[in-house]
Amino acid sequence: MLIVPEREIADLMTREAAFDAVEKVFAAMAAGDAYNFPVVREAIGHEDALYGFKGGFDQAGLTLGLKAGGYWPNNLEKRQIINHQSTVFLFDPDTGKAKAMVGGNLLTALRTAAASSVSIKHLARQDASVIGMIGAGHQAAFQLRSALEQRDFEKVIGWNFHPEMLPNIEKVASEAGLPFEAVQLDGMTEADVIISITSAFSPSLMANHVSPGTHVACMGTDTKGKQEVETALLAKVDVFTDEVAQSISIGEAQHAIAAGLITEADVAQLGAVINGAHAGRSSDDQITLFDGTGVGLQDLAVAASVVELAVAKGIAIEVDF
């Protein structure tokens, strides 16, 4: 079995490679060549942690495995390590033997950012010039860096429940040579693209905060009860997602479904847009929303790419198992 430690990931996986891996796996899912297993996600009753498993099988890429991990909200304050912790395990689909164990923390950040960026590439207006960020935590910086590569943005605006964290995304904007402005939530009407990346259980972004023609990427809702945007917003937009089953059960669409505002048939796969089976954006006034729930196949795709690079560079550690 091969081991690729967390410390090696930064030198192996780029934003571009993560984007390519995620885009391909979304396409494979829509084509029926890859599927995710049901998600297991539980509060363990210790350290207020949420722990779970996401797995799947990509028949096209012959990638089989799972990601184990979750959210430990006290890590940063108590231990000076990030709150999200995860490890990816890959298995040989021909034999079932363990093939690789890969550090999953940076990979999770990169693949999550790649997913919203893939949605921007395929759904945002070509002339989008202002990007709005809701949330300014650890993941927000990854989201913004990746998103800025998809359009010729001219300005970044941002809101966070704790405004003292906004310098996290202001720094990214500055690095890109773009002006940054802190706004109230109703100021998001200026944005052509909005990325919401919070762990909230009540909505921040309301329907009247979003202007016609905007693309919204909701990236924080991945558990029953979580919610980042008002259900009324989903009723007036075209909804796309990574995995429909997850979107309606643990994603942002769960609340609009429960309220009877939309049905499962109203949620389309982003992969179908990538494959050309769905038209995606059809007008400049259309509001599109990507419900990024985070699927196991994303983790497997980026982990498999890392293993190949680690082997090629002689970095992978081989152990008997």
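This report walks through some helix pairs and single residues in a predicted model.

## Helix α2 meets helix α11

Let us begin with a pair of helices. Two packed helices are described by the angle between their axes and the distance between those axes. Helix α2 covers residues 15–30, helix α11 covers residues 296–312, and their axes lie 9 Å apart at an angle of about 135°.

Which residues of α2 and α11 make the contact? On the α2 side they are Ala 18, Ala 21, Val 22, Val 25, Phe 26 and Met 29, and on the α11 side they are Leu 297, Gln 298, Ala 301 and Val 302. Sorted by class, nine of the residues in this contact are nonpolar, one is polar and none is charged.

## A closer look at α11

Helix α11 has 17 residues, and the distance from its first C-alpha to its last is 25 Å, close to the expected 24 Å. Is this helix mostly covered or mostly open? It is mostly covered, with twelve of the 17 residues buried. Among the buried ones are Gly 296, Asp 299, Leu 300, Val 306, Val 307 and Ala 310. Leu 297, Gln 298, Ala 301 and Val 302 are also on the buried list, and these four residues take part in the contact with α2. Just after the helix, Gly 314 has a positive phi of about 70°.

## Val 4, a buried strand residue

Now find Val 4 in strand β1, which spans residues 2–4. Its relative accessibility is 1%, so Val 4 counts as buried; the cut-off for buried is under 20%. Not counting residues up to four places away in sequence, Val 4 touches Ile 9, Leu 12, Met 101, Val 102, Gly 103, Val 306, Val 307, Ala 310 and Ala 316. Val 306, Val 307 and Ala 310 from that set are buried residues of α11.

## Helix α5 meets helix α6

Another pair is α5 (residues 138–147) and α6 (residues 167–175), whose axes come within 9 Å and cross at roughly 25°. These helices are therefore roughly parallel to each other, and their crossing is right-handed.

Ala 140, Ala 141, Leu 144 and Arg 145 of α5 meet Asn 168, Ile 169, Val 172, Ala 173 and Glu 175 of α6. By class, this contact has six nonpolar residues, one polar and two charged.

## Asn 105 in helix α4

Asn 105 belongs to helix α4, which runs over residues 105–123. With a relative accessibility of 17%, Asn 105 counts as buried. Leaving aside neighbours within four places in sequence, Asn 105 is in contact with Glu 6, Ile 82, His 84, Gln 85 and Ser 86.

## Two loop residues with positive phi

Where is Asp 48? Asp 48 sits in the loop between β3 (40–43) and β4 (50–58). Its phi is near 55°, a positive value in a residue other than glycine. At 63% relative accessibility, Asp 48 counts as exposed.

Leu 62 lies in the loop between β4 and β5 (63–71). Leu 62 is not a glycine, yet its phi is positive, at about 50°. With a relative accessible area of 46%, Leu 62 is partly exposed.

Conventions
Residues numbered from 1 in each chain as written. Predicted model: local features only at pLDDT ≥ 70, side-chain atom pairs only at ≥ 80, totals over all residues. Heavy atoms only, no water. Buried < 20%, exposed > 50% of the residue type's maximum accessible area, 1.4 Å probe, protein only. Contact = heavy atoms within 4.5 Å. Axes fitted to C-alpha atoms, helices over the stretch in contact; angles between N-to-C directions. Nonpolar A, V, L, I, M, F, W, Y, C, P; charged D, E, K, R; others polar. Expected span 1.5 Å × (residues − 1). Parallel < 35°, antiparallel > 145°, perpendicular 65-115°, else oblique. Left-handed = near helix turned anticlockwise from the far one by under 90°.
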